[in-house]
Number of protein chains: 2
Amino acid sequence: MAVTPDPLFSRVDGALPALSQMEVSALEVVRKQGPLSRTDLSEALSTSRASVTSIVGSLLEANVLTEIGQGKSEGGRPPMLLDVNSQLGFIAGVDIGATSIDLALADFRGTILEHSSEPIDIQMGPEPLLTQICDELEGMLARRGAGPQDMLGIGIGVPGPVQFSTGLLIAPPLMPTWEGYPIKQYVRRRFPHARPVVDNDVNIMALGELRAGAGSDLDNFLFIKIGTGIGCGIISNKTVYRGSDGCAGDVGHICVDYNGPICHCGNPGCLEYMAAGPAIASKGLQAAESGQSEFLARRLKENGGVLTSRDVGDAAAAGDRIANEIVRQSGKMIGGVLAGLVNFYNPRAIFIGGGVSKIGHQLLSTIRQATLRRATALSTRLLRIEYSQLGDDAGVMGAIWLAMEHVFIANG
Amino acid sequence: MAVTPDPLFSRVDGALPALSQMEVSALEVVRKQGPLSRTDLSEALSTSRASVTSIVGSLLEANVLTEIGQGKSEGGRPPMLLDVNSQLGFIAGVDIGATSIDLALADFRGTILEHSSEPIDIQMGPEPLLTQICDELEGMLARRGAGPQDMLGIGIGVPGPVQFSTGLLIAPPLMPTWEGYPIKQYVRRRFPHARPVVDNDVNIMALGELRAGAGSDLDNFLFIKIGTGIGCGIISNKTVYRGSDGCAGDVGHICVDYNGPICHCGNPGCLEYMAAGPAIASKGLQAAESGQSEFLARRLKENGGVLTSRDVGDAAAAGDRIANEIVRQSGKMIGGVLAGLVNFYNPRAIFIGGGVSKIGHQLLSTIRQATLRRATALSTRLLRIEYSQLGDDAGVMGAIWLAMEHVFIANG
């Protein structure tokens, strides 16, 4: 078994070994289908019984798998069943948003043991926020009688473009003070045996939906997050597709109107500038102030002069004509862009999540209508367009799976 | 070695075996890097020397590889070098266009032995055209003293949407009489030992560029064909990405103007309706008839009342103001769509081919400008936008490689 040394990975007292590709594949199968016998595993991997025996031997020796007793006999000696050793250590999932953060501690099988969610302000900068995150994760470990050395993997999603190989943020518009900050190194100082992985928030949501949600039996799908911005996670052949520079899925700056208003990126008519949360809120404010919408004028007063996209959604749900029109406009623009992506990428499904996706069913139905109307017949025949099955948990679930996938990858 | 029986594959006298995934990988390495020794091969495949010895044994027995003599000694006994057995049989590449057809015969290494190109009319329907193609391929074989039984693989590109698994065309707008026609079965009747594979023309162009052109060291790139329509071949992780229904890359029907004219697909403002060859020709005709362009008016008379996009390109190259503006309009629309695809897919390169791409450099430079201006900074930092290196040969080269990739795949 080749172990590639990783200078950043500093566990000295029994460091986790880097596993071979076949060993990682075997672990994934057991995690997904276990408990199972060596014969089942050899069938699932299409490998000879002899090599499965050798692979399982290494994984048992490394304490990654465990034998949990005998299964049902099918004639001969009953087979010994294998399962992932959930006691090997802990995994954390961290989903950082612009205004909130989700943390979860899981066992080595991916079962969530504790989950917390709280408001933050991303503008506080990397050190204070990472300190807060690590303190809370230590608390979660302590409540299970464990310490920082028992954390084996940490997956972190951030709302900005990430160079995946280094885990550094590149020119993040929502969190400029995080640019180039060494998140992985900070986390490793606090959890010396953990292998941290950093990725864009929409990528981890897509991964969550793939591993634990509605995408589990799909090869190719898209996850669209609608919030302050609009982003897309791409699943290609059952893995996250990140593109040549790690910035694939940046659909928020696709043009929907060449004569539209200038986005903060400098170009006219970007989708996210015209259709995301702030655009909906600002159109709602206009409708409230001009008196076109009584509902929104009342809500504006109650809120002390502030309106959110959620308020516009509430107005639409209450039958407010203007609010409905505002939501429909956003849905049409988003669906128009999705139609182009469906023609190009021919995914089997599009899952929609993010805060603004919760403003009501009108948005989803307009997006669906606009996408299906514009995309080609062949590409939409079997296409599903649905809300994320995991909802708010897609990010934190994906972060846990991202961490689990990378625990044994050298230099991961 | 598991051989999955294929009812359509009828070679009885020494049928080619289906190879295992590892054997196919070994063959690909030798084809790309050979001649090489077993040690080189074991390094390239990251596999033990023992399993390489067993893999090579099977491939030598099947006559797929051959030992071509001893290489240079590096101290001990000089190693035996392996190469693909180019004499095993023949491979054909067929690139069917709407108005022309390219045929090539290659040896088993992929070296082209004979290449022909001629005008056709796709409207003649499948039987007469396939008969003509097979007759010509038989002629090429005969000139090498070989017969139909020596053809091992045939790759066929067609200008329409293909269900890759069956090789059937689905609702092809340019060739309606081909819908559902069993191309593979016809070809197998003529070449009983050949495994035919049918794919969309742009997919095979992208594959050609990947295997034998400017994309050979790139993981992710796009190939855009501009002709009567506009299509896109997608390379993802060094393989052709076909999407969930095999229709990925249908970028010609992405909307560029929601208030635009109605395309033959029924939607307003499709890219190909507004920017491809026929749109350029029709705007040129208008300029000629209205007298806005003297050059085009003259050309129209010379051509007997017909203008093509090539004529508009000639006028632009000669400095005609209106013609230049027509070409620029197309380039801007194509670049605008490509910018969105670059944001979404983050490819390393875009290669441009197809008949209309040859109307002059003005088109490429406008496409490049429009794409770079609109796409995000991170996704364009290393992006190359260039003409296809293989040009007119991209399709036929890709068809040969497609055939070679599928010769040993059961049910391929």
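Strand 12 and strand 13 of chain B pair in the antiparallel sense over two bridges; two strands count as paired if DSSP finds at least two bridges between them. Helices (H or I, at least four residues) and strands (E, at least two) are DSSP runs, numbered from the N terminus. This is a predicted model, in which local features need pLDDT of at least 70, side-chain atom pairs count only at pLDDT 80 or more, and totals for chains, interfaces and linings use all residues. Residues are numbered from 1 along each chain as its sequence is written, chains are lettered from A and ligands numbered from 1 in the order in which they are written, and side-chain values use heavy atoms, with hydrogens and water left out.

**The sheet of chain B**

- Five strands of chain B form an open, mixed sheet in the order 13-12-11-14-15.
- Strand 13 (239-240) and strand 15 (384-387) of chain B are the edge strands, each pairing on one side only.
- Ser236(B) stands opposite Thr239(B) of strand 13.
- Two residues lie between strand 12 and strand 13 of chain B in their hairpin, where Asn237(B) takes a positive phi near 55 degrees.
- Strand 11 and strand 12 of chain B are antiparallel, paired over six bridges, and a hairpin joins them through three residues.
- Lys225(B) has Gly231(B) in strand 12 as its bridge partner.
- Strand 14 (residues 349-353) and strand 15 of chain B run parallel and are joined by four bridges, with Ile350(B) opposite Ile385(B).

**Burial of strand 12**

- Seven of the seven residues of strand 12 of chain B are buried; buried means under 20% relative accessible area, exposed over 50%, and partly exposed in between (1.4 Å probe, protein chains only).
- One side of strand 12 of chain B carries Ile230(B), Cys232(B), Ile234(B) and Ser236(B), the other Gly231(B), Gly233(B) and Ile235(B), and both faces are covered.

**Helices of chain B**

- Helix 12 (residues 361-374) of chain B lies across strand 11, strand 14 and strand 15 of chain B, at about 165 degrees to strand 15; axes are lines fitted to C-alpha atoms, for helices over the stretch in contact (heavy atoms within 4.5 Å), and angles run from 0 to 180 degrees between N-to-C directions.
- Helix 14 (residues 394-406) of chain B has 13 residues and should span 18 Å at 1.5 Å a residue, which agrees with the 18 Å between its end C-alpha atoms; the expected span is 1.5 Å times one less than the number of residues.
- In helix 14 of chain B, 12 of the 13 residues are buried, including Trp401(B), Leu402(B) and His406(B).

**Nonpolar cores**

- The largest nonpolar core has 96 residues, and Phe344(A) and Phe344(B) have the most contacts inside it; such a core is a set of buried Ala, Val, Leu, Ile, Met, Phe, Trp, Tyr and Cys residues joined through side-chain atoms within 4.5 Å.
- Leaving aside neighbours within four places in sequence, Phe344(B) is in contact with residues of chain A, among them Leu222(A), Ile234(A), Leu341(A), Phe344(A) and Tyr345(A).
- A second, separate core of 50 residues includes Leu65(A), Phe164(A), Phe221(A) and Val407(A).

**Relation of the two chains**

- Chain A is superposed on chain B by a rotation of 180 degrees with 0.0 Å of shift along its axis (RMSD 0.1 Å), which is the relation of a two-fold axis.
- The superposition is by least squares on the C-alpha atoms of residues with pLDDT of at least 70 in both copies.
- Leu341(A) comes closest to the rotation axis of the residues of chain A, at 3.9 Å (C-alpha).
- The copies meet through the same surface, because 100% of the interface residues of chain A are also interface residues in chain B.
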